[in-house]
Amino acid sequence: EFVLYHDQYVKKQDAVIDMEDRGYNFGDGIYEVVFVYGGKPFAMKEHFERFISSASKLEMQLPFDAARFVELTEGLIQKNDLKDGMVYVQMTRGASPRNHLYERDMKCLVTGFTRHMKPPEDLHKAGIRVYLTDDIRWLRCDIKSLNLLGNTMAKRLAADHNCHEAIQHRDGTVTEGSSSNLFIVKDGILKTHPANNLILNGITRQVIMKIADEQGITVEEAPFTIDELSDAHEVFISSTTMEVTPVIQIAGQLDAHYEIGDVTRTLQNRLKKKIHGSAHI
Ligand code: PLP
């Protein structure tokens, strides 16, 4: 197995990270996760556009343009002969004597690795339990930053309550999962939190909204409350690794059960169709 280190492919044990890399000291960096199906990455361009947007929001200088990022990432997939799994690419601001103040012209460090894995088809079919909790994260959740303590704490809490994912809310407004976006369906209308500073604008989320449009399903990007979540007919999460995964139960600050409905199944199947380029049975 090779890893990406700057623009080179090296053995994992040969990649050396400086003790004072700002990613290591401050979480000063960004990342992307792209899923690979049958050796082909899905929505690679969209992921790298978001990567570049995250870099720009943090005033990080990119060592390569989007095309080169895609080339290096595809090269890693090939080098590791990855058929099904994920490729992770991150960029830190690089190393300098530890100091909160960053310089704008630092040489950023790009690294990446692959992992073999299959989409969780069993969960796609059966749905998951989720845990509703406070959103304790910062106010720039639109940046795909390495700082994920709010997310990891929420995920741990969910797992401790036998739930697969945490669903977060700010003062009663439901935002997103700890590593996914959230959609609700009421009277056939799809609703999800607007893409502002309070959520990460998921690539899967954007693809789902496009599919909904194609299917004639009305989509509202609008904030919704815990009460609306409670009253929803269908609930599902979306992400690169989870695709469309139905929610069948909410625990924690809400106690609710849901059927897996037609809108969820339609979007789930259409997404798989888009991913695989043919009908998914
Ligand atoms: N929201 C958060 C906080 C995430 O970490 C993720 C992905 O990991 C998502 C949403 C979903 O984004 P995407 O569909 O691009 O994977």
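Trainee: In which sense do strand β1 and strand β2 pair?

Mentor: This is a predicted model, and in it strand β1 covers residues 2-5 while strand β2 covers residues 8-11. Within this pair, Leu4 stands opposite Tyr9 in β2. Over 4 bridges, the sense in which β1 and β2 pair is antiparallel.

Trainee: Which residue in the turn between β1 and β2 has a positive phi?

Mentor: The two strands form a hairpin, and 2 residues lie between them. In that turn, a positive phi of about 55 degrees belongs to His6.

Trainee: How far apart are the end C-alpha atoms of helix α3, and what span should its 14 residues give?

Mentor: Helix α3 runs over residues 66-79, and at 1.5 Å a residue its 14 residues should span 20 Å. The distance between its end C-alpha atoms agrees with that expectation, because it comes to 20 Å.

Trainee: Which residues of α3 are buried, and what arc do they cover around the axis?

Mentor: A residue counts as buried here if 20 or more other C-beta atoms lie within 10 Å of its own, and in α3 this holds for Phe69, Thr73, Leu76 and Ile77. These residues are on the same side of α3, because the arc that they cover around the axis is only 100 degrees.

Trainee: Are Ala67 and Gln78 of α3 buried or exposed?

Mentor: Just after α3, Asp81 takes a positive phi of about 50 degrees, but your question concerns the helix itself.

Trainee: Which element gives the most residues to the shell around the ligand?

Mentor: The ligand is surrounded by 14 residues, and the closest are Leu200, Gly202, Ile203, Thr204 and Thr240. Two elements give two or more residues to this shell, namely α6 (203-214) and β14 (234-239). With 3 residues, the element that gives the most is α6.

Trainee: How many residues of the shell around the ligand are polar?

Mentor: Sorted by class, the shell holds 3 nonpolar residues and 2 charged residues. The number of polar residues in the shell is 9.

Trainee: What is the radius of gyration of the protein chain?

Mentor: The secondary structure of the chain comes to 8 helices and 16 strands. For its 281 residues the globule rule gives 19 Å, and the computed value is close to this, so the chain is as compact as a globular protein of that length. Along its principal axes the C-alpha trace spans about 55 × 40 × 30 Å, and the radius of gyration is 19 Å.

Note on methods
Residues numbered from 1 in each chain as written. Predicted model: local features only at pLDDT ≥ 70, side-chain atom pairs only at ≥ 80, totals over all residues. Expected span 1.5 Å × (residues − 1). Buried ≥ 20, exposed ≤ 12 C-beta atoms within 10 Å, placed from the backbone. Arc of directions from axis to C-beta. Pairing = 2+ DSSP bridges. Near = placed C-beta within 6 Å. Nonpolar A, V, L, I, M, F, W, Y, C, P; charged D, E, K, R; others polar. Rg over C-alpha atoms; globule rule 2.2 N^0.38 Å.
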